[in-house]
Amino acid sequence: MLCRWLIVCILLSFFSISNAHVQIYNYDISTGLPDNSVEVVCHDSYGFIWVGTYGGLAKFDGYKFQNYTIFDSVCSLPGGIVFEIFEDSEKNLWIATNKELMLYDRPNDCFIIFPDFPKTTVTDICQIDNGELWVSSLAGLLQIDPKKKELVKFFTISDGIPSNSLTSITHRKNGEIWVGTHDRGYFSINPSTYKITVFNTYNFPKNALNPGNRIYKLQFDKAGFLWIGTMDVGLFKYDFTSKTYTQYLNQNLNEKLGIGRDFISDIYCDKNNKLWICRNGFFLYLDTVDNKLKKFIPNQNKDKFLSENKMVSIDADNHGNIWLGSNSNGTFFLRNIKNNFTIHEAASKIVHPDTLTINNIRSIIPFGDSIVFSSDENGIFFKHSKSNKITSFKRNKELPSAHIMHSTLHDNKLWCASWSGGVFVLDLVKNSIEKISFHNEAGEKLNIDIIRYLQIFNDTLWVGTSGDGLLLYDITRKKTLSQQFNDTFNLRQLGWISCIHKDRKNRVWISTFNGMYMFDKASISIYNNILTDKNSISSDVIYSIFEDDEGSFWFATNKGLDRYNDSNKEFTHWQKNKIPGLPKV
C-alpha cells in the first residue's frame, strides 16, 4: 500500500538554524539503494520517494526500495546513471539518464521510450506555465509537449544557443527559460518568440565582475534574483534591476580546494527563501546576517557526514524536508523539528514569584483569555495571555487529587479525571469544587476513583477508568447509567481505557489496553490484533485516537502507528525502524 508521509511533529518552517533539532536518516546500498552515488531525489504525488543513482533508479515506499537497473530482465532501465527525476503537472514522472529521456509507465511499472527524442545525456528539466517541458542535455535544448508526448523543437548551436553542452535549466516568473552551459556561460530564451540572449565572457562588460563561462546550476529565489553556481569561481547572484553580480565567498571553512576550483554543484531555495548550497561537496547555507556562506551542522559533532566533502545535490520532498545526495554515502534525509516553544521548566523551589512547580502536563484547554493546564502531579494552573504570568488554581490544595489524568470543559466548568480522586468538577470563576459520585442500580456507591479519561457528549459523561471499564453519567439527572450495554456485553469488559472519541457519524470510539471498541447506537464493533491477519490492528494496547479530514482514523499503539480506512475497512501500519517519516494526512 502506498506510503504517504505524515509529519507528526508539525514542520513550521524548514531549518531554522537556531533552536532546531534535525533527525537524520541515511539510505545506501546496505538499506536497498542500487548504488551509493546519488544525483537526485524526487517525492511524487503518490507518496513515493524516487532516488536517481549511478547504478540505476530506486523507488522507496517508506519500507523498502524497488530498484530499476540496466540488468532488469523484465523492464530494464535504459542508461545506468539517473541524472534527473521530474514530475509534471499531470503527475507524469520523467526519468533522465545518461542515455535518454523516458517516461515512467505507472500502470505497467515500466518505462516508455520515445524514438523521436535525441539519444543523449539529459541534465535537467523544468515546466513552464503553458505545460511545456524544457529539457537541458549534453546535445542541446529540448522543447516537449508532455500531453502529446512529442518533441516540439530541438535547439542546437545552429539555432543560436551558445553551446550544445547544457548543465541546468529553470524559468523566470515572466516565462523566460534560463539555461546554463559547460563552457559558454548561460542564456535565456523566450518560449514564444525563441529570442535568445547570451551571458558569457564574450559579451560581459570589460573588467566587470561576472560568473564566467563554466555554469553548473541556475536557480531563481522568491525575490526574483538569479543565483548562479559555477564550476570554478563559486556562487553569484544576479540583480535584474541593477544588472550587477554579487559574488559569495565562504571563508575559514578549512576546505581542501584544488587550485582555482570553487565548484557549486547544487542550489536550493526553500519556502522561507533561505538558500542552501552544495559547494565542493560541503552542505552550506547563506547566512543573511553577515551575507556569508557557512557550513550547516545541526547537531554539533553527532553528524560527522556533514563535515565530509561528499554532498553533491539538494532536493526537497513535498513537505520541505531536505534530501542530500552524496557521491559515495547514499542519500541523507534531514527531517527538521523546529523548537518554536517557550519552555516553562519546573523548579524545585520558588526563586521568583512567577516560578511554579508544574510537572507532567496532561491537558491544555483554552478558557477565556487564559489557558488551563492540568497536571498529573500539581493540580490546575492558568497561563494568562495578557500578563503572560502563570498562576495556580486557588484551591489546588483542596482538590480530591492533585494527579489529574485528563480534563475537559463543559458549561464553563472544568471536569477532571484523576488518579485516586475520581471525577470532580471545578467552577473556575467561583473557585468551587464538586465531587461526582457513581452508584450502581441498587443505589450503592461505587468505589471507583482511578479515572484515566473522560468526555461529555449531549450532557452524558463518558468516564474511562483504569480497570473498571466505562461509566456513563447523566449530568442533568445526576444519575449513573447502567453498565450493561446489551444482553451480552457489559461496559466493565472494556477494562483499562486510554481515550474516548466521537466521530463525524456520531459513533464513539474507545481505545483500551485490550483492543479498540466502536459504539454505533445499539451495536458494538471490536478491533483486536490477530497474528495471522495483516489487516488487523497492530496491537491491542492502544493509547490514543485521531480522525483526519479524509475520514480515516489513526491509532497510536505500543507496536507503532495505524491508519484505519473506514471506507474499505483496511489498516495501514507504520512501525519502529521501518520508516523515518509518516504518511500525509
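Predicted model: local features only at pLDDT ≥ 70, side-chain atom pairs only at ≥ 80, totals over all residues.

User: How many residues of strand β3 are buried?

Analyst: Strands are DSSP runs of E with at least two residues, numbered from the N terminus. Buried means under 20% relative accessible area, exposed over 50%, and partly exposed in between (1.4 Å probe, protein chains only). For β3, residues 49–53, the count of buried residues is five of five.

User: Which residue of β3 is the bridge partner of Cys42?

Analyst: Two strands pair if DSSP finds at least two bridges between them. Strand β2 (residues 38–43) pairs with β3 in the antiparallel sense over five bridges. The hairpin of β2 and β3 has five residues between the strands, and Gly47 in this hairpin takes a positive phi near 100°. The bridge partner of Cys42 in β3 is Trp50.

User: Which residue of β4 is the bridge partner of Thr53?

Analyst: β3 also pairs with strand β4 (residues 56–60), antiparallel and over five bridges. These two strands form a hairpin with two residues between them. The bridge partner of Thr53 in β4 is Gly56.

User: How many salt bridges does a search of the whole structure find?

Analyst: Side chains of opposite charge can pair when their charged atoms come close. A salt bridge is counted here when a side-chain nitrogen of Lys or Arg lies within 4 Å of a carboxyl oxygen of Asp or Glu. Over the whole structure, the number of salt bridges found is 22.

User: How many residues apart in sequence are the parts that Asp44 and Arg106 tie together?

Analyst: Asp44 and Arg106 form a salt bridge, with their closest N and O atoms 3.2 Å apart. Asp44 lies in the loop between β2 and β3 and Arg106 in the loop between β8 (101–105) and β9 (110–113), so the parts that this pair ties together are apart in sequence by 62 residues.

User: What is the relative accessible area of Glu100?

Analyst: Glu100 forms a salt bridge with Lys119, the closest N and O atoms being 2.6 Å apart. The pair links distant parts of the chain, 19 residues apart: Lys119 in the loop between β9 and β10 (122–127), and Glu100 in the loop between β7 (93–97) and β8. Lys119 is exposed at 52% relative accessible area. Glu100 is buried, with a value of 9%.

User: Which residue of β40 is the bridge partner of Asp474?

Analyst: Asp474 forms a salt bridge with Arg477, the closest N and O atoms being 2.9 Å apart, and counts as buried at 15% relative accessibility. Strand β39 (residues 470–474) pairs with β40 in the antiparallel sense over two bridges. The bridge partner of Asp474 in β40 is Lys479.

User: Which residue of β11 is the bridge partner of Cys126?

Analyst: Another open sheet of four strands has the order β10-β11-β12-β13, with antiparallel pairing. Its edge strands are β10 and β13 (150–155), each pairing on one side only. Five bridges join β10 to strand β11 (residues 133–137), and the two run antiparallel. The bridge partner of Cys126 in β11 is Trp134.

User: What is the relative accessible area of Trp419?

Analyst: Trp419 is found in the loop between β34 (413–418) and β35 (422–427). Trp419 is partly exposed, and its relative accessible area is 32%.

Terms used. Residues numbered from 1 in each chain as written. Heavy atoms only, no water.
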